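Welcome! Take a look at the model first.

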Amino acid sequence: MKTNEIAIFLNLSKKINSPRKVQQFLKTFNYNKKDTLRSAISCLQKKEAHCMEAAMLAAAILEPLGYPPLVLSFESQDELDHVLFIFKEKGKWGSIGKSRDTGLHGRAPQYSSLRSLAMSYFDPYIDKTGKITAFQMAHLDNTKSDWRFSRRNVWKAERYLLELKHIKLKPQPTRYKKVKAQYIKNGPLKYGKNWW
């Protein structure tokens, strides 16, 4: 861990000093389609990120402001899982995310529980094969990886989430069928209440 790298996140958190600003900042990044799991500092230097890389970068930026490095991990029936940075403000949960699909980006802090936050992603997650089946919160430090400053891929963090026991989601099958039919007819959802 280098002092100048810590200073980078301290200085960045002074400029990008709220979850909403971090979400807007991540929208300027290219979506990373490569098979990598870069640390927060490497992601910042490359100016591109996939979902988990973006979650770690969001955590590193907001940590100096008192936000713990928490992520929400989703499991999908097609094994294309998703990860978000999550935070709490005034007792409500919100998230920051990066995806090829804007419906899987962040949410304003308006959700009273992690389950209700997770369910706000249920409909926009659905495509021809995808459906959220479970979710779980994790603290990035529990991954025992150098997710902030490593110069190498931090696969250990991903393995931790893959092995973590997730909470099953069981919405009505009719909801899934209806949303999937709408996706096939119209494509991805274009907007949603509380989407950032």
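## Terms and model

A residue counts as buried when its relative accessible area is under 20%, as exposed when over 50%, and as partly exposed in between (1.4 Å probe, protein chains only). Helices (H or I, at least four residues) and strands (E, at least two) are DSSP runs, numbered from the N terminus.

This is a predicted model, in which local features need pLDDT of at least 70 and side-chain atom pairs count only at pLDDT 80 or more, while totals for chains, interfaces and linings use all residues. Residues are numbered from 1 along each chain as its sequence is written, and side-chain values use heavy atoms, leaving out hydrogens and water.

Six strands make up an open, antiparallel sheet in the order 6-5-4-3-7-8; two strands pair if DSSP finds at least two bridges between them. Strand 6 and strand 8 (167–168) are the edges, each pairing on one side only.

Strand 6 (residues 107–111) is largely enclosed by the rest of the structure, because four of its five residues are buried. Two bridges link strand 6 with strand 5 (residues 92–96) in the antiparallel sense, and W93 has Y111 of strand 6 as its bridge partner.

Elsewhere, strand 3 (residues 70–76) and strand 7 (residues 132–139) run antiparallel and are joined by seven bridges. Here S73 is partnered by Q136 in strand 7.

## The helix on the sheet

Helix 4 packs on the sheet and touches strand 3, strand 4 (82–89) and strand 5, where contact means heavy atoms within 4.5 Å. Helix 4 (residues 51–62) is mostly covered, with twelve of its twelve residues buried. Among them are C51, M56 and L62.

Conventions: Expected span 1.5 Å × (residues − 1). Axes fitted to C-alpha atoms, helices over the stretch in contact; angles between N-to-C directions.
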